[in-house]
Amino acid sequence: MANQNQTDNSEITLLMISSRPEHQSLFFLLFLSIYLLTLLGNFLIVLLIRLDNHLLQAPMYFFLSHLSLADIIFVSTTTPKILINLMSQTQTITFSECLTQMYFFLTSGNTDNFLLACMAYDRYVAVCHPLRYVTVMSHKCCLFLVFGSWIVSGLHSLLYTLLISRLSFCTSMEIPYLFCDVYPLLEFSCSNTWHIKFLAQTEGVVDLLGPLAVIIISYALIFSTIMKIPSTVGKCKAVSTCGSHLAVVILFYSTISCLYFQPPSLYSAQKGTFISLLYAMVIPMLNPFIYTQLRKRKTIKENVYFLTSSFASW
């Protein structure tokens, strides 16, 4: 118990972006701008979809509203602490704050992962089975997929948070990241962590790669169907319905791969800092712009929605 209390009150040193005060001021302004743009763009998407019942009943927009909500939580979990450290020129975070940050970071990131898979399945049904789309992607089915994504992600994150909270840490911890994550914390524990590492290499990999497998299979079937469409116009129309989602998928999984699946021998603090910033801050800012790019719409109302969101995201 004494060791546990000592761990709870201990401080963890996070990676410093720059040791020069003048650089820290510039980074503070840059990150604050990115954070505010991210909040504005994602809040507007959630608000506009919630205010229009027609959009809310459309599965893709329903998933998009929850993806934006997850991005708001995701960026708000890490960025404020980064801004506080830059402003105060400190690098520390308490162990309890670290666990809280890790829980919400894993939950929102995992929810993004599952929601992208749900959106890929939605595109598959829309392109490959258009006549059955309304029946298959009913509102009840969408609710099940969305709340299932949140619940599974929350339980997954709670499991790792509870397991790590029971570990003992014998040395001062200096995490080579800008935020708290599972693997960096495990490296500084003097407890036996084989069970957590085994869990991360089995359940954790399935949890991450399972939705990716759904996305790959969905798009394989989508492109197979598109190739069978005789007209070029029909092919372009079908591809255009998937373009935004596919762009977000590529950005999301490419940064995850660089962050979590690169060999330790290739890791460097500078490279890790850049990738973690891209993953935790830049991608949530880009998502609103990618999804709300101005396209040709049938109604003026839709154009107003997309113009407003595109302007806000920038």
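A salt bridge here is a side-chain nitrogen of Lys or Arg within 4 Å of a carboxyl oxygen of Asp or Glu. The structure holds two of them. This is a predicted model, in which local features need pLDDT of at least 70, side-chain atom pairs count only at pLDDT 80 or more, and totals for chains, interfaces and linings use all residues. Residues are numbered from 1 along each chain as its sequence is written, and side-chain values use heavy atoms, with hydrogens and water left out.

**Salt bridges**
- D122 and R123 join through their side chains at 2.7 Å, N to O.
- D122 is buried at 0% relative accessibility, and R123 is buried at 11% (buried: under 20% relative accessible area; exposed: over 50%; partly exposed: in between; 1.4 Å probe, protein chains only).
- E97 and K81 form a salt bridge at 4.0 Å, N to O.
- E97 sits in helix α5 (residues 95-128) and K81 in helix α4, so this pair ties together parts 16 residues apart in sequence.
- E97 is partly exposed, at 40% relative accessibility.

**Helix α4**
- Helices are DSSP runs of H or I with at least four residues, numbered from the N terminus.
- α4 covers residues 59-88.
- Of its 30 residues, 23 are buried, so α4 is largely enclosed by the rest of the structure.
- α4 bends by about 30° at S76, and P80 follows within four residues (bend: the angle between axes fitted to the seven residues ending there and the seven starting there).
- Q89 comes after α4 and has a positive phi, near 55°.

Terms used: Helices (H or I, at least four residues) and strands (E, at least two) are DSSP runs, numbered from the N terminus. The expected span of a helix is 1.5 Å times one less than its number of residues.
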